[in-house]
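Me: I have a structure to go through and have not seen it before. Can we take it step by step?

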Amino acid sequence: VLSSSSSNDDSHGPPSVMESIVKLNFIDPSGARRQVPGFIGKTIYDTCEMHGIDLGPASCGATLEEVRSDTWTEPLYGEGPTSGFDHVLITGNGVETAKPITWMEERSLGDYWDDDEIFPESRLATQVFLTEEMDGMTVYVPDRLVDDMA
């Protein structure tokens, strides 16, 4: 029996896709702001592709290693990030829930960007997987590197 009364307790309803979505705030080099939804478990890069935000070529290599505990880091023998084109700066909600930056990610950033363009908030968009806590996080997109030279 359906009731017309409204309940503030949503815990009894069926699962919703909205439980798997966070909102990210993107700021481009001109200062223009745009809020877009992203799926928990996908990368910032995946979210940008889904919404037409150009980050350049993806630096997609298989995972290099996975930290399993304080005393064990499992080598996965992936190649890690392969370029630094997809540089972003992340700040705000949930930043601390992102996996720590790896030495390969730091190296890729350093290979493609000058020291004065890399900040503590710098990450590669392909290396940051969205978590529930990142709802409302701000992602700054710096000026792009030239990646289409022929």
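Me: Among contacts between residues at least 6 apart in sequence, what share join residues at least 24 apart?
Reply: That share is 63%. Contact here means heavy atoms within 4.5 Å.

Me: Before going on, what sort of model is it?
Reply: It is a predicted model, where local features need pLDDT of at least 70 and side-chain atom pairs count only at pLDDT 80 or more, while totals for chains, interfaces and linings use all residues. Residues are numbered from 1 along each chain as its sequence is written, and side-chain values use heavy atoms, with hydrogens and water left out.

Me: Ok. How many helices and strands?
Reply: Two helices and seven strands. Both are DSSP runs numbered from the N terminus: helices are H or I with at least four residues, strands are E with at least two.

Me: And in which pattern along the sequence?
Reply: The pattern reads β-β-α-β-β-β-α-β-β.

Me: What box do the C-alpha atoms fill?
Reply: Roughly 65 × 45 × 25 Å, taken along the principal axes.

Me: How much of the protein counts as buried?
Reply: Of its 150 residues, 33% do. Buried means under 20% relative accessible area, exposed means over 50%, and partly exposed is in between, with a 1.4 Å probe and protein chains only.

Me: Switching to charges. How many salt bridges does a search of the whole structure find?
Reply: Three. A salt bridge is a side-chain nitrogen of Lys or Arg within 4 Å of a carboxyl oxygen of Asp or Glu. Side chains of opposite charge can pair when their charged atoms come close.

Me: Which residue does Glu66 meet in a salt bridge?
Reply: Lys99, at 2.8 Å from N to O. The pair links distant parts of the chain, 33 residues apart: Glu66 is in strand β3 (residues 65–67), and Lys99 is in the loop between β5 (87–91) and α2 (103–112).

Me: Is Glu66 buried or exposed?
Reply: Glu66 is buried, because its relative accessible area is 16%. Lys99 has 45%, so Lys99 counts as partly exposed.

Me: What does Glu105 pair with?
Reply: The side chain of Glu105 forms a salt bridge with that of Arg123, at 2.8 Å from N to O. This pair also joins distant parts of the chain, with Glu105 in helix α2 and Arg123 in strand β6 (residues 122–124), 18 residues apart. Both residues are buried.

Me: And which residue meets Glu74?
Reply: Arg68, with 2.7 Å from N to O. Glu74 is partly exposed, because its relative accessible area is 22%. Arg68 is at 45%, so Arg68 is partly exposed.

Me: New topic. Where is Ser83?
Reply: Ser83 sits in the loop between β4 (73–75) and β5. Its relative accessible area is 6%, so Ser83 is buried.

Me: What is Ser83 in contact with, leaving aside neighbours within four places in sequence?
Reply: Pro57, Ala58, Ser59, Ser108, Tyr112 and Leu124.

Me: Last one: which residues make the nonpolar surface patch?
Reply: Val17, Met18, Phe39 and Met50 make a patch of about 380 Å². Patches are made of residues with over 30% relative accessible area and no salt bridge; like charges are joined within 9 Å, nonpolar side chains (Val, Leu, Ile, Met, Phe, Trp, Tyr) within 5 Å. Areas come from the Shrake-Rupley method with a 1.4 Å probe, and for residues only the protein chains shown count as cover.

Me: Where does Phe39 lie?
Reply: In strand β2 (residues 33–39). Phe39 counts as partly exposed because its relative accessibility is 33%.
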